[in-house]
Amino acid sequence: MNKTSAVAAVIEAFPEAPIVFTTGYTCRIARHLRDSPNHFYMVGSMGLAPSIAIGIAMQTGEPAVVVDGDGSLMMNPVGLLVAGPIRDLPLLHVLLDDGVYDSTGGQPTPSAGVDFGAWARGSGFGETLRADDEDALRTALARHTHVSTPTFLHCRVAADAGAPPPRIDADLADHADRLRRHVAGIAG
């Protein structure tokens with residue numbers, strides 16, 4: 001499973017729930033695969049995608065998804081520390097771990113030596129999962145489309161071959177408004 005196939009699986013599993021994609025290639029891949037009003041693409045602020053998804057889940061009471069990267073999570077694990085103790089937070093934190101800082105040149109991260117599931121459990125996440133192939137990822141996603149507690153899913157992925165999709169060129173204010181309108185429509 002590479003990063004593109006993992007991002008595609010998340011998009012297919014959550015056609016309406018808000019999905020916040022971390023900065024770098026992950027958001028570029030997501031936008032290239034399918035641009036949708038329920039998507040938010042981080043174009044900076046590495047490590048803060050979980051904070052946005054946590055806020056959405058808290059305000060709506062509906063499931064929100066964050067698609068994070070190993071480099072981002074290691075840069076800023078505070079999202080785990082904030083979300084974990086909130087027992088009724090409907091958040092699915094999907095970690096795509098390719099072992100590199102892909103968008104800055106492929107420098108290795110130390111993720112191979114990190115037990116991210118232990119980080120999530122230690123932060124209070126009630127359920128932690130691991131998917132090492134696409135079938136396992138799709139199965140895990142299908143079983144967790146309506147999470148009601150913080151749930152963490154660690155996916156080991158291979159870096160994509162070839163050139164990445166182009167950078168996000170949308171007006172960022174318009175982009176934020178689009179997600180805001182979508183979230184307002186699902187808020188109960």
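**View 1. Helices α1 and α7 run roughly parallel to each other.** In this predicted model, α1 spans residues 3–13 and α7 spans residues 134–143. Their packing angle is about 20°, and because angles under 35 degrees count as roughly parallel, the pair is described in that way. The two axes lie 10 Å apart, and the crossing of α1 and α7 is right-handed.

**View 2. Residues of α1 and α7 meet where the two helices pack.** On the α1 side, the contact involves Ser-5, Ala-6, Ala-9, Val-10, Glu-12 and Ala-13. Facing them from α7 are Glu-134, Leu-137, Arg-138 and Leu-141. By residue class, this contact of α1 with α7 comprises six nonpolar residues, one polar residue and three charged residues.

**View 3. The largest pocket of the predicted model has a volume of about 210 Å³.** A total of 18 residues line this pocket. Those that lie nearest its centre are Thr-23, Met-46, Ser-72, Asp-102 and Ser-103.

**View 4. Helices and a strand contribute to the lining of the largest pocket.** Two or more lining residues come from each of α2 (25–33), α4 (70–75) and β5 (100–101). Helix α4 gives the most to the lining, with three residues. Sorted by class, the residues of the lining are five nonpolar, nine polar and four charged.

Terms used. Residues are numbered from 1 along each chain as its sequence is written. This is a predicted model: local features need pLDDT of at least 70, side-chain atom pairs count only at pLDDT 80 or more; totals for chains, interfaces and linings use all residues. Side-chain values use heavy atoms; hydrogens and water are left out. On a 1 Å grid over the protein atoms alone, a cavity is a set of points where a 1.4 Å probe fits but cannot get out, and a pocket is an open set with protein on both sides within 12 Å along at least five of seven lines; lining residues have an atom within 4 Å of a point. Grid points are joined across faces, edges and corners, and a volume is the space filled by probe spheres set on the points. Helices (H or I, at least four residues) and strands (E, at least two) are DSSP runs, numbered from the N terminus. Ala, Val, Leu, Ile, Met, Phe, Trp, Tyr, Cys and Pro count as nonpolar, Asp, Glu, Lys and Arg as charged, and the others, Gly among them, as polar. Axes are lines fitted to C-alpha atoms, for helices over the stretch in contact, and angles run from 0 to 180 degrees between N-to-C directions. Angles under 35 degrees count as roughly parallel, over 145 as roughly antiparallel, 65 to 115 as roughly perpendicular and the rest as oblique. A crossing is left-handed if the near helix is turned anticlockwise from the far one by less than a right angle, and right-handed if clockwise. Contact means heavy atoms within 4.5 Å.
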